[in-house]
Amino acid sequence: MTEPAKLCVSNQKGGVGKTTVAINVAGALNARGREVLFVDLDPQGNATEGLGLVDEYEAEPPSLFDVLTDPEQRERIGDLVVEHEEMDVVPSNIDMTAVEPELVLARRGGEQLALALEHVEDAYDYVVVDCPPHLGYLADNALFATRNVLIPALAESTSKRALELLFDHIESLELDYEIEITDRCVVANRVEETNEAKEMMAWFRQAFPDIPVWEVRKRVALQRAFTDGRSVVRYRPDLDMAAVFDEIAADLDEQFGFAEVTA
């Protein structure tokens, strides 16, 4: 490929394990030999913490806030990149809590991440962006920059309304910017053996007949890997759910036209 595959992980419904899915997909891609840049666009910094980069979240400027709000600082995004054993990371920062109002007032407010990524993206096979759990300007930036979305969701009925809102938002963004945003897959997360979960898995497959629907079952090791600052693919490669994330990564490789595993 001549340019990286770019993918955002988005669902405005909180508590779906969005960040855990994002980290594990990125880790699985790395395990397949891909160079991955992970961007934590969530002001809460959960992914930054989950990758063991707590100090970076409280680092002095310049931070991702400056890169997104000051055109003269945009090219400094490369200075923010932190090496992790599995991927390079652009960490979130505590200052990001104030970024939404700045983007609302900015010229080309929904395009700032795309403009910044131009300075670093060519060094990577994948750029994975973890979105905040609401549909604002940061989510717009992620969707505009990547044009591809991976959707984590819980296997419970409340997910239906959340997905409806997400796709309404995506459709509006496509019309406003005259772009096309592609759904790449749905990841049903923390699935348990309940009737509701079984019914929702069937609903997901019916609602998304043209894209893969993956099932990630609830496992303590997923949280332990997060606490340990790495993906479950690195933390417990023998775990059944690590195999699922490897399958997700393999399918993304196929969708984006990558060759076989290079690791």
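Colleague: Which strand pairs with β1 over five bridges, and in which sense?

Modeller: Keep in mind that this is a predicted model. Along the pairing, A5 stands opposite Y126 in β5. Five bridges link β1 to β5 (residues 126-130), and the sense is parallel.

Colleague: Which residue of β6 does V9 stand opposite?

Modeller: β1 is also joined to strand β6 (residues 148-154), by two bridges, and the two run parallel. In that pairing, the residue opposite V9 is L150.

Colleague: Is β1 enclosed by the rest of the structure or open to the outside?

Modeller: In a regular strand, side chains alternate between the two faces of the sheet. On one side of β1, A5, L7 and V9 are buried, and on the other K6 and C8 are buried too. Five of the five residues of β1 (residues 5-9) are buried, so the strand is largely enclosed.

Colleague: Thanks, that's clear! Now for α9: what span does it reach from its first C-alpha to its last?

Modeller: Helix α9 covers residues 158-177, which is 20 residues. At 1.5 Å a residue, the expected span is 28 Å. The model comes close to that, with a reach of 29 Å.

Colleague: Where do the buried residues of α9 lie around its axis?

Modeller: The buried residues are S159, A162, L163, L166, H169, I170 and L173. They cover an arc of only 125 degrees around the axis, which puts them on the same side of α9. An α-helix has 3.6 residues a turn, so residues three or four places apart point the same way.

Colleague: Which residues lie nearest the centre of the largest pocket?

Modeller: The largest pocket holds about 350 Å³ of space. α1 (18-31), β7 (182-191) and α11 (220-227) each give at least two residues to its lining. By class, that lining has four nonpolar, ten polar and seven charged residues. Of the 21 lining residues, those nearest the centre are V16, G17, K18, T20 and R190.

Colleague: And how much space lies in the largest cavity?

Modeller: The structure holds one cavity of 30 Å³ or more. Its lining is made up of T20, I23, N24, G50, L222, A225, F226 and R230, with α1 and α11 each supplying at least two residues. Those lining residues divide into four nonpolar, three polar and one charged. The space in the largest cavity is about 30 Å³.

How values were computed
Residues are numbered from 1 along each chain as its sequence is written. This is a predicted model: local features need pLDDT of at least 70, side-chain atom pairs count only at pLDDT 80 or more; totals for chains, interfaces and linings use all residues. Side-chain values use heavy atoms; hydrogens and water are left out. On a 1 Å grid over the protein atoms alone, a cavity is a set of points where a 1.4 Å probe fits but cannot get out, and a pocket is an open set with protein on both sides within 12 Å along at least five of seven lines; lining residues have an atom within 4 Å of a point. Grid points are joined across faces, edges and corners, and a volume is the space filled by probe spheres set on the points. Helices (H or I, at least four residues) and strands (E, at least two) are DSSP runs, numbered from the N terminus. Ala, Val, Leu, Ile, Met, Phe, Trp, Tyr, Cys and Pro count as nonpolar, Asp, Glu, Lys and Arg as charged, and the others, Gly among them, as polar. Buried means under 20% relative accessible area, exposed over 50%, partly exposed in between (1.4 Å probe, protein chains only). Two strands pair if DSSP finds at least two bridges between them. The expected span of a helix is 1.5 Å times one less than its number of residues. The arc is that of the directions from the helix axis to the C-beta atoms.
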